[in-house]
Amino acid sequence: MAILKLSISLLVLAATVAGIPGAAAPTGARWSWPLSPKPGVLRTFDPPDKPWLSGHRGVDLGPAFDGALVASPADGVVTFAGVVVDRPVLTIDHGDGLRSSFEPVTSELKPGDSVHKGQPIGSLAPGHCGGTPCLHWGVRRGEDYVNPLGFVEDLRPSILLPSD
């Protein structure tokens with residue numbers, strides 16, 4: 001029985017260290033939510049099987065209201081602030097290959113500006129979730145999209161260990 005418990009514990013530890021999508025932030029430092037109070041998740045992370053296929057490469061957060069302040073989830077540097085298609089987008093490089101993007105967010109920040117965890121980075125604009133105000137938050141590790149919720153919540157599955 002002790003061997004089984006040890007094996008399960010090692011598997012859980014290996015999954016966390018390997019960076020399985022949804023695992024905690026790789027540096028061990030927790031990020032903060034970009035909306036306050038803690039928002040609900042209106043649409044979950046649903047990455048496509050291939051980069052060119054459709055999918056949902058982030059999460060939609062709400063309830064929010066148009067004009068709500070959006071905060072940086074971690075320290076970083078703004079790398080993009082502009083319009084993509086028809087929506088204002090802000091992207092922050094957090095180091096270690098991690099970048100987060102927010103839309104639709106209007107901001108006075110510009111590329112090269114430093115931001116700190118919890119600092120307001122802009123205001124939520126209308127237009128992403130139809131008539132429901134919401135924030136789309138995406139996170140990339142290198143060129144791969146990862147689940148942003150893994151940086152603010154522990155998404156590892158609960159594991160029941162056998163009793164002695």
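Before you click anything, one definition: a residue is buried when its relative accessible area is under 20%, exposed when over 50%, and partly exposed in between, using a 1.4 Å probe and protein chains only. D113 is a case in point: its relative accessible area is 19%, so D113 counts as buried.

This is a predicted model, in which local features need pLDDT of at least 70 and side-chain atom pairs count only at pLDDT 80 or more, while totals for chains, interfaces and linings use all residues. Residues are numbered from 1 along each chain as its sequence is written, and side-chain values use heavy atoms, leaving out hydrogens and water.

**Stop 1: the whole chain**

Start with a cartoon view. You'll find one helix and 11 strands, where helices (H or I, at least four residues) and strands (E, at least two) are DSSP runs numbered from the N terminus. Of the 164 residues, 35% are buried.

Now switch to a surface. The chain exposes about 9,400 Å², and carbon and sulfur atoms supply 59% of that; the areas come from the Shrake-Rupley method with a 1.4 Å probe, and for residues only the protein chains shown count as cover.

How far apart in sequence are the residues that meet? Among contacts (heavy atoms within 4.5 Å) between residues at least 6 apart in sequence, 62% join residues at least 24 apart.

**Stop 2: the core**

Select W31, V70, F102, I121, L135 and W137. In the largest nonpolar core, which has 27 residues, these six touch the most other members. A nonpolar core here is a set of buried Ala, Val, Leu, Ile, Met, Phe, Trp, Tyr and Cys residues joined through side-chain atoms within 4.5 Å. Next, colour the strands that each supply at least two of its residues: β2 (59–62), β5 (87–95), β6 (98–103), β9 (120–124) and β10 (135–141). The largest share, three residues, comes from β10.

Zoom in on W31. Setting aside neighbours within four places in sequence, its contacts include P73, H94, K117, W137 and F151.

**Stop 3: I92 in β5**

Move to I92, which sits in strand β5. Is I92 buried or exposed? Its relative accessible area is 0%, so I92 is buried. Show what surrounds I92: beyond residues up to four places away in sequence, I92 touches S72, V77, F102, V115 and I121, among others. Then draw a distance from I92 to D113: they are 21 residues apart along the chain, with C-alpha atoms separated by 9.3 Å.

**Stop 4: β4 and its partners**

Select residues 76–84, strand β4, where F80 is found. Two strands count as paired if DSSP finds at least two bridges between them. β4 pairs with β5 in the antiparallel sense over seven bridges, and V77 stands opposite D93 in β5. β4 also pairs antiparallel with β8 (residues 114–115), over two bridges; there, G76 has V115 as its bridge partner.

Follow β4 into β5 and you reach a hairpin with two residues between the strands, where V85 takes a positive phi near 60 degrees.

F80 is partly exposed, because its relative accessibility is 33%.

**Stop 5: a three-stranded sheet**

Next, pick out the open sheet with the order β3-β9-β7 and antiparallel pairing. Its edge strands, β3 (69–71) and β7 (105–106), each pair on one side only. β7 and β9 share two bridges, and T106 has S123 in β9 as its bridge partner.

**Stop 6: salt bridges**

The structure holds four salt bridges, each a side-chain nitrogen of Lys or Arg within 4 Å of a carboxyl oxygen of Asp or Glu. Select R87 and E103, whose closest N and O atoms are 2.7 Å apart. This pair links R87 in β5 to E103 in β6, 16 residues apart. R87 is partly exposed at 24%, whereas E103 is buried at 18%.

Then show K110 with D113, at 3.4 Å from N to O. Finish on R140 and E143, whose N to O distance is 2.6 Å: R140 is partly exposed at 22% relative accessibility, and E143 is exposed at 59%.
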